[in-house]
Amino acid sequence: MPTLPRTSASVLAATLLLAACGTEGAPPGGGNGEGPVRAEVLCPTDHSAYGDTPPSEPSPGPSGRPSALPLPSAGGATENGVRITALHSWGPGSGCAGVDYSADFELTNQLTEAATYTLTFGFLSASGGPVDHGERTVEAVGPGRTVKGTVTMNDTLGNPPAVTGVKVTKVRSVPQAEAASASGTCPKSGVHVYADEGDAAMGLRVVGLHLVNCGTLPYRLDGYPKLELQDEDHKTVDSVRILEGTDRISTGLGGDGSPEAVVLGPGEAAVASLAWRNTTQAGEPVNAPYVRVWARPAAAPVMVVPELDLGTTGRLGVGPWRKDETNRTGTPATRP
């Protein structure tokens, strides 16, 4: 089945229509009211742009610098804590081969706790239509803190049309204490918990919840993961029935049958299936981007972002934990 689309329930209106490509300098009207926004000579592949200062400045290319496309007088508005501050065109000689366009942004954490953000940006043509997109993850942003970053266009089209605008299309935030992880330093819980990209066909959606024992002791699972669905504002969605087993959603998904005790040795993994349909009939469609997961009673919760587009079905099936024989990491990750 094809890969599950990572759609958002709504598109955030932060469109910045920009004029034709200009020379590097002070874009008119942009910024924060403290003067014009100037283009920074930043290779967009520099991913160090987290903190209170911009990324470090590399040496300019041998024959030129990136061109700054000027922000309009109406640009620079903040939407959901994200403000685009500049759009750059990276042509030959900029010293940043392989990248055509990038955008600088500022992100302010408006939550009351530290959070990890995933930001998706749409790069636009002169007609306002989409050219391509770019995505950035910003980790551990403290409450009330503002950080700066740069996002690059994916350029999956090979020879895209000229980009004259950029907009924020999706903002997702997860409490830092509940951030999912698939690898790296082992959390204090001793397990990595994360969701895969999933599958979709004919309105049927299936996403796998994965758990990897990265600790040094056996880890026991018995039954179903406990779930809490949340909307885009992190409010609990209680209008959806969470069913034990996936057979009432569809057969053959691997999430039926009675739960059995699973004991994972160090490096071993388990998986549980989430299944739903996005059928829409009478009523208001339900979208729940976030799912808070407790692997077992008294476990620390982990938040994943499977983008549940539940339509008006009002049902989500969850399968029992079962050992994943295809996923064994071998040596456990280093504990903090």
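Cysteine 186 and cysteine 214 are joined in a disulfide, with 2.0 Å between their sulfur atoms. The structure is a predicted model, and a search through the whole of it turns up one disulfide. The bond ties together distant parts of the chain: cysteine 186 sits in the loop between β8 and β9 (191-195), cysteine 214 sits in the loop between β11 (204-213) and β12, and the two are 28 residues apart. As for its geometry, the torsion about the S-S bond comes out at about 75°, so this disulfide is right-handed. Both ends are tucked away. With the cut-off for buried set at under 20% relative accessible area, cysteine 186 qualifies because its relative accessibility is 1%, and cysteine 214 qualifies because its value is 2%.

Strand β12 (residues 219-222) shows two contrasting faces: Tyr219 and Leu221 make up the covered one, while Arg220 and Asp222 make up the uncovered one. The partner here is strand β15 (residues 261-264), which runs antiparallel to β12 and pairs with it over four bridges. Within this pairing, arginine 220 sits opposite valine 263 of β15.

Strand β5 (residues 115-124) is another story when it comes to burial. Nine of its ten residues are buried, so the strand is largely enclosed by the rest of the structure. Strand β6 (residues 130-141) pairs with β5 in the antiparallel sense, over nine bridges, and leucine 124 is found opposite proline 130 of β6. These two strands make a hairpin with five residues between them, and glycine 128 in the turn has a positive phi of about 90°. β5 also pairs with strand β8 (residues 165-175), again in the antiparallel sense, this time over ten bridges. In that pairing, phenylalanine 121 has valine 168 of β8 as its bridge partner.

A side-chain contact is also worth a look. Glutamate 307 is found in the loop between β19 (302-304) and β20 (308-311). Despite being in a loop, glutamate 307 counts as buried because its relative accessibility is 7%. Its side chain makes a polar contact of 2.8 Å with the side chain of arginine 172.

Terms used:
Residues numbered from 1 in each chain as written. Predicted model: local features only at pLDDT ≥ 70, side-chain atom pairs only at ≥ 80, totals over all residues. Heavy atoms only, no water. Buried < 20%, exposed > 50% of the residue type's maximum accessible area, 1.4 Å probe, protein only. Pairing = 2+ DSSP bridges. Polar contact = N/O pair within 3.5 Å; in protein donor to acceptor, adjacent residues only side chain to side chain. Disulfide = S-S within 2.5 Å.
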